[in-house]
Amino acid sequence: MVLKQRGPAIELHSPTEDVLVSPGGESLPPIENGATSGSGTVASGGDERVKMKKELGLLEGVAIILGIIFGSGIFISPKGVLQEVGAVGTSLVIWVTCGLLSMIGALCYAELGTAIPKSGGDYAYIYEAYGPLPAFLYLWDATVIFVPSTNAIMGLTFASYVFQPLFAAGCSVPTIGLQLFAAVTICALTYINAYDVRVTTKMQNVFMFTKIGALVLVIIVGVVWMSLGGTENFENAFENTETDPGKLAVAFYSGIFSYAGWNYLNFMTEELRDPYKNLPRAIYISLPLVTGIYVLANMAYVAVLSPQQILSSDAIAVTFAQKAMGWGAFVMPILVAISAFGGLSVHIMTSSRMCFVGARNGHMPEILSHINVNRYTPMPSLVFLCLLSLLYLFISDVYVLITYSSIVESFFIMLSVSAVLYFRYTRPDINRPIKVQLWVPTLFVIICAFLIVVPCYVAPYEVGMGVLLTLAGIPVYYIGVAWKNKPASFENVLRRATQFCQKMFMTAKEENGDDEG
């Protein structure tokens, strides 16, 4: 269907009939020239297109990256690195190395994001470089596992930190209570994201400073603790370091997982103002800041807590606060809850764009590529991912699914970065506002390949399950995407479902053309 603006109403034209876009079938009210509608401003003369608007600046870009990376992980469980390497000194070295590796990867994504200024992140780059099937398999893994399971876990984390202070010590929060509160949180954030992008980005700006403030508080307390002589945990810091390559690779995975999110701004490239400048600048500001704060925060944890206390803690920031902050320890659970809430909000916003772009390329149902005609947000994609996230809240093995897919996700990141090398060979003349040295993507791909191959003998079952879940998408691709001549009855049902959702969500397909500003 093609959307046109004609006179006072917005109409959808199909080959056989005209359908007015409204919930009840009535015509839409006229929009005066220069009037505002939702989050966008209607241009004078009535030529405003139904298209997601460029409403994100540099500050919002930095807030999105930091909002994803500074989730609840750094406050809850940075013990994954330490339990694999066995020494605090080695664990700090790995934290630094993981930050440097993330910065190298981010440089590659800066080139990709400015050379291919499309939303969708990894999906868009894999599609451009290697074609529809590999891109669909990434989208399949992301939609079926990565995104909804992560939303569910972040929602449960937020719920647990809200409820835990209300229960006496030793009492556990009822699981159904956590699930229901997490469900309400996910639905509320989905509504806010669908209502107005600007509301979400303003929230992210606040959350960004809150998260940084919380980590700076941890660092300051740690520095004061060390200045008062609390440095005994750094003695013989490299003693008993693990030398097994498999365990070191798993430790790297734990560290890199905590840095995950540095590529999420690329999911929203089309909504960035001046993406050629703001995308790389946001990356260059965020990653060094994250690396420095992560290393200093982990040093603070190690200074206050012994390795045994770190490994036995389920929420290290809370344990840290209880030992070092005295009466002020009650602040930390609040800050962790705010961090989890902010991380969930930005994850819902960015991941919906990947789903939207996949549908725009015909890899998902057409309705998921539609935009609300008043709010200019991908409302169907947001609602779709919300429903999947709610389903995962009530699946007991959601953590296992993430374990299965972590190796696969790393493979797709490696595939995305390898596209830098592929495009240098196949498209040497495309515009590259950012052009990194060839050794940068080469080194990143080699390191990723090592981190992918080594766990195959350390955790073969988990790797095998991840591969099987990915390969399960191949028949889905050939039936749902490659098969063009589907039965007329099926096409008719799909078309009616699309029209129903259009009326329910007041949506239309995105119009082509360059956006202003």
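Helices and strands are taken here as DSSP runs, of at least four residues for helices and at least two for strands, numbered from the N terminus. The model described is predicted. On this basis, the protein chain holds 20 helices and seven strands. Of its 517 residues, 54% are buried. The chain exposes about 21,900 Å², of which carbon and sulfur atoms supply 65%.

Two loops contain residues with positive phi values. D274 is found in the loop between α9 and α10, the latter spanning residues 275-304. Although D274 is not a glycine, its phi is positive, at about 50°. With a relative accessible area of 37%, D274 is partly exposed. N236 lies in the loop that runs between α8 and α9, where α9 comprises residues 245-259. Phi of this residue, which is likewise not a glycine, is positive and near 50°. N236 is exposed, its relative accessible area being 59%.

Helix α8, residues 197-227, packs against helix α13, residues 331-360, with the axes 9 Å apart and at an angle of about 140°. That angle makes α8 oblique to α13, since the antiparallel class requires an angle over 145 degrees. The crossing of α8 past α13 is left-handed. On the α8 side, the contact is made by V197, T200, T201, M203, Q204, F207, T210, K211, A214, L217 and V218. The α13 side contributes M332, L335, I338, S339, F341, G342, G343, S345, V346, M349 and R353. By class, the residues of this contact divide into twelve nonpolar, eight polar and two charged.

Helix α8 also meets helix α12, which covers residues 316-324; the two axes come within 11 Å and cross at roughly 45°. The residues involved are V218, V221, G222 and W225 in α8, which meet F320, K323 and A324 in α12. Five nonpolar residues, one polar residue and one charged residue make up the contact of α8 with α12. V218 of α8 takes part in the contact with α13 and also in that with α12.

How values were computed
Residues are numbered from 1 along each chain as its sequence is written. This is a predicted model: local features need pLDDT of at least 70, side-chain atom pairs count only at pLDDT 80 or more; totals for chains, interfaces and linings use all residues. Side-chain values use heavy atoms; hydrogens and water are left out. Axes are lines fitted to C-alpha atoms, for helices over the stretch in contact, and angles run from 0 to 180 degrees between N-to-C directions. Contact means heavy atoms within 4.5 Å. Ala, Val, Leu, Ile, Met, Phe, Trp, Tyr, Cys and Pro count as nonpolar, Asp, Glu, Lys and Arg as charged, and the others, Gly among them, as polar. Buried means under 20% relative accessible area, exposed over 50%, partly exposed in between (1.4 Å probe, protein chains only). Accessible areas come from the Shrake-Rupley method with a 1.4 Å probe; for residues, only the protein chains shown count as cover. Angles under 35 degrees count as roughly parallel, over 145 as roughly antiparallel, 65 to 115 as roughly perpendicular and the rest as oblique. A crossing is left-handed if the near helix is turned anticlockwise from the far one by less than a right angle, and right-handed if clockwise.
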